[in-house]
Amino acid sequence: MPAMLTDVFRGHPIHLPHSHQPDFTSLRELPDSYSWTPKDDILFAAAPSPPTAVETIPLIDLDHPDAANQIGHACRTWGAFQIANHGVPLSLLQDVEFLTGSLFGLPVQRKLKAARSDTGVSGYGVARIASFFNKQMWSEGFTITGSPLNDFRKLWPQHHLNYCDIVEEYEERMKKLASKLMWLALNSLGVSEEDVEWASLNSADLSWAQAALQLNHYPVCPEPDRAMGLAAHTDSTLLTILYQNNTAGLQVFRDDLGWITVPPVPGSLVVNVGDLFHILSNGLFKSVLHRARVNQTRARLSVDFLWGPQSDIKISPVPKLVSPLESPLYRSVTWKKYLQTKATHFNKALSMIRNHREE
Ligand SMILES: C=C1C[C@]23C[C@@]1(O)CC[C@H]2[C@@]12CCC[C@@](C)(C(=O)O1)[C@H]2[C@@H]3C(=O)O
Ligand SMILES: O=C(O)CCC(=O)C(=O)O
Ligand SMILES: [Fe+2]
């Protein structure tokens with residue numbers, strides 16, 4: 001039985017103040033502990049250039065005959081894109097949004113019944129990366145790995161089974177979509193299933209993969225310009241598929257453009273290249289630095305499907321993508337090991353497994 005995500009942080013406890021979760025609705029002023037200045041957000045040394053660009057990540061129609069090339073191009077230039085005609089029913093997206101709204105609408109004491117433990121992955125709490133920052137983020141989250149049954153029973157003693165069905169169906173759809181996107185992107189580089197032996201059993205068998213679902217809530221904020229919803233980070237995944245409600249807040253960073261807002265497009269999904277895909281593609285695809293801002297009038301919800309390989313699978317650059325005269329840019333790493341490295345070294349994790357070539 002391969003090691004699951006649930007075990008990942010057993011030796012890496014993080015102590016986050018769940019019990020200090022404020023009741024966001026009653027705050028009229030931003031408490032000092034939530035007031036971010038640019039120096040609170042410099043871990044990735046992203047230049048705070050003003051958002052002058054009108055450009056944003058591409059919206060790709062998956063039914064378009066050139067979709068694979070468009071995805072490949074977006075993974076190389078932005079590390080992110082939006083997709084339309086993805087085949088996930090609108091009603092399912094609406095159900096997941098309803099579930100998320102209903103979860104975060106529960107009284108704090110009820111949510112804390114399903115609080116994430118210091119060594120756990122699943123449950124209610126602030127983002128894991130919070131431990132790297134001096135200031136608190138204006139958000140709350142709920143992570144699901146494996147069956148949500150136990151946690152959901154604590155949250156909704158009456159309706160947990162309905163909500164479990166929604167999560168199960170959503171994960172099922174997302175798994176298939178993520179695999180399709182991965183192969184479209186790799187095919188655009190001339191990489192096919194025979195070149196990636198751990199993923200090549202047959203395209204219908206996705207048992208090599210696993211996932212976590214991250215539900216995020218960014219409440220209305222009295223002083224949004226001084227607050228941060230979710231600090232800048234890259235995801236550790238192969239790919240992340242994000243659903244956002246109809247409220248802007250997600251921003252992606254480009255060295256040449258600065259922070260760019262990803263406008264919500266009803267019914268579409270955002271796809272991020274994660275660090276493992278960056279490694280697998282030998283750095284051709286860029287894991288995207290992103291963050292979430294908040295606003296003064298509308299609460300924002302997002303649902304993140306974080307997708308990667310089973311914890312014991314070693315990911316390394318596809319040999320075809322490494323020039324015969326050079327060594328691969330990255331050493332091989334399992335998702336488990338990478339998550340542990342990230343839990344300790346955060347923004348330095350990717351460079352820590354990079355092979356430094358002699359000039
Ligand atoms: C599989 C995972 C990726 C994640 C850590 C986790 O174990 C479960 C939560 C994920 C998440 C969601 C919010 C942002 C993020 C950086 C975090 O703190 O928790 C990601 C983690 C990640 O991609 O590294
Ligand atoms: O809420 C968002 O738009 C971003 C969420 C995110 O980056 C995450 O959950 O990893
Ligand atoms: Fe993220």
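Biologist: Hi! Which residues does the UniProt annotation "domain: Fe2OG dioxygenase" cover?
Modeller: That annotation, from an unreviewed entry, covers residues 205-309. UniProt positions are given in the numbering used here, feature names are shortened, and annotations may be inferred rather than shown by experiment. The model is predicted: local features need pLDDT of at least 70, side-chain atom pairs count only at pLDDT 80 or more, and totals for chains, interfaces and linings use all residues. Residues are numbered from 1 along each chain as its sequence is written, chains are lettered from A and ligands numbered from 1 in the order written, and side-chain values use heavy atoms, without hydrogens and water.

Biologist: How much helix and strand is there over residues 205-309?
Modeller: That stretch is 6% helix and 45% strand, where helices (H or I, at least four residues) and strands (E, at least two) are DSSP runs numbered from the N terminus. Its end C-alpha atoms are 13 Å apart.

Biologist: And what coordinates the iron ion (ligand 3)?
Modeller: H233 (NE2), D235 (OD) and H290 (NE2) do, at 2.1 to 2.2 Å. Donors are N, O and S atoms within 2.8 Å of the metal (3.2 Å for Na, K and Ca), and water is not among the atoms, so sites may look incomplete.

Biologist: What spacing do those donors follow along the chain?
Modeller: They follow H-x1-D-x54-H. H233 lies in strand β6 (residues 230-233) and H290 in strand β11 (residues 290-292), so this pair ties together parts 57 residues apart in sequence.

Biologist: Switching to helices: at what angle do α1 and α5 pack?
Modeller: Helix α1 (residues 67-77) meets α5 at about 85°, with axes 8 Å apart. Axes are lines fitted to C-alpha atoms, for helices over the stretch in contact, and angles run from 0 to 180 degrees between N-to-C directions. That makes α1 roughly perpendicular to α5 (under 35 degrees is roughly parallel, over 145 roughly antiparallel, 65 to 115 roughly perpendicular, the rest oblique).

Biologist: Which residues make the contact?
Modeller: A68, I71 and C75 of α1, with L181, L184 and A185 of α5; contact means heavy atoms within 4.5 Å.

Biologist: What about α2 and α5, at what angle do they pack?
Modeller: Helix α2 (residues 90-104) and helix α5 (residues 160-187) pack at about 130°, with axes 10 Å apart. They are therefore oblique to each other.
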